[in-house]
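Q: I have a structure open here and would like to talk through a few of its details. Could we start with the charged side chains and then move on to the fold?

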Amino acid sequence: MNLAQLRYFVAVAQMEHYGRAAKALYLTQPALSNSIRRLEKELGFPLFKSEGRNVALTSEGKVLLEHVVDSLERLDSGLDAARRCHEEKGCIVRVGSVASLLRGPLSSFLSGHCRGECCGVEFEISLHGSTKELLLKLFDNTFDVVFCGYPVGEPTLDWVPLFRQDAVIIVHESHPLADREMLSIDDIRPYPQLSYRPPSYMYYAFENMFKEKGLSPKLVFDDDVSALSVMAVSPDSVGIAIDSARDCLWDSIRMIPIEEFLEPYHYVGMAFRSNVELAPEVASFVESVKRYSRENITEEPIERRYYH
């Protein structure tokens, strides 16, 4: 049992509908349902019962909800108090980031800002697995800014593109295509294809591109590092992925550019809430990042063509 499961339980209980709760939590409905089922299995009793298209709490669920809500409120109150105490010590920007940036690019980027325009500001950095998780933490005020993919359909957020990531083909060194300098979509059609599965951000960035190109890859990657792990044991297949794991590429794996996608396919950028007043140190950092983006980012990512 973990805090995320308890928060999911409260959301479903309040909305009495898995679909609406999943949308509010930035999850897929199957992911939310699976999480609740695992919680029920661990507890040893059901928390919900079906009522038409909705769900209602069981008697056990009603008892648990009362205590969980009270516990989460006390926890959130304690976290807020601890944050206020911490913030009184100096100028701190709370930063959340997807995993791919913490292996190098983000640290170098923030270090440059510490030495330059944002001298004296400290960055408190936390790692989270996905763009959706980060946006949820941004909305609940865990973070001031997050470094993530483009937040599609979020009108209360601003997003600044920063770090280019290209679409590539990943193959094992023994694969017939491993020695090629570049590959086209037609080159990979004869081979089994693998790519990201939901709720990974890149699943949604690739989904409509696959439909346009007539590709139907098996969806097995959770993230960029898992893509390398899968391809290391899939010598007959081709992986379609983003090159953000290039800095930890293994000797047995090859990444090859895609002829149709030599422009940037994807950017990781900085998202922040546009409908709230930012603390002065956060606002100053945001403005400096905007200037950097305007001066250095000139190309529109290919993924924008394929958003829903």
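Q: What do the side chains of Arg304 and Glu300 do?
A: In this predicted model, the side chains of Arg304 and Glu300 come together in a salt bridge, with an N to O distance of 2.9 Å. Arg304 itself is partly exposed, at a relative accessible area of 28%.

Q: And how many salt bridges does the structure hold?
A: There are 13 salt bridges in the structure. One of them pairs Glu212 with Lys213, where the closest N and O atoms lie 3.7 Å apart.

Q: Is Glu212 buried or exposed?
A: Glu212 counts as exposed, since its relative accessibility is 52% and the cut-off for exposed is over 50%. Its partner in the salt bridge, Lys213, has a relative accessibility of 23% and therefore counts as partly exposed.

Q: Which residues are linked in a network of salt bridges?
A: Arg164, Asp166 and Glu299 are linked in such a network. Within it, the side chains of Arg164 and Asp166 meet in a salt bridge at 2.7 Å, N to O.

Q: Is Asp166 buried or exposed?
A: Asp166 counts as buried, because its relative accessibility is 19% and buried means under 20%.

Q: Changing topic to the helices: at what angle do H1 and H3 cross?
A: The axis of H1, which covers residues 3–15, and the axis of H3, which covers residues 29–43, cross at roughly 110° and come within 10 Å. That angle makes H1 roughly perpendicular to H3.

Q: Which residues meet there?
A: From H1, Gln5, Tyr8, Phe9 and Val12 meet Leu32, Ser35, Ile36, Arg38 and Leu39 of H3.

Q: Zooming out, how many helices and strands does the chain have?
A: The chain has ten helices and twelve strands. Its radius of gyration is 22 Å, close to the 19 Å that the globule rule gives for 308 residues, so the chain is as compact as a globular protein of that length. Along the principal axes, the C-alpha trace spans about 60 × 50 × 35 Å.

Q: What share of the residues counts as buried?
A: Of the 308 residues in the chain, 45% count as buried. As for contacts with a separation of 6 or more, 73% of those in the chain are between residues 24 or more positions apart.

Definitions and conventions. Residues are numbered from 1 along each chain as its sequence is written. This is a predicted model: local features need pLDDT of at least 70, side-chain atom pairs count only at pLDDT 80 or more; totals for chains, interfaces and linings use all residues. Side-chain values use heavy atoms; hydrogens and water are left out. Axes are lines fitted to C-alpha atoms, for helices over the stretch in contact, and angles run from 0 to 180 degrees between N-to-C directions. Helices (H or I, at least four residues) and strands (E, at least two) are DSSP runs, numbered from the N terminus. Angles under 35 degrees count as roughly parallel, over 145 as roughly antiparallel, 65 to 115 as roughly perpendicular and the rest as oblique. Contact means heavy atoms within 4.5 Å. A salt bridge is a side-chain nitrogen of Lys or Arg within 4 Å of a carboxyl oxygen of Asp or Glu. Buried means under 20% relative accessible area, exposed over 50%, partly exposed in between (1.4 Å probe, protein chains only). The radius of gyration is taken over C-alpha atoms; the globule rule is 2.2 Å times the number of residues to the power 0.38.
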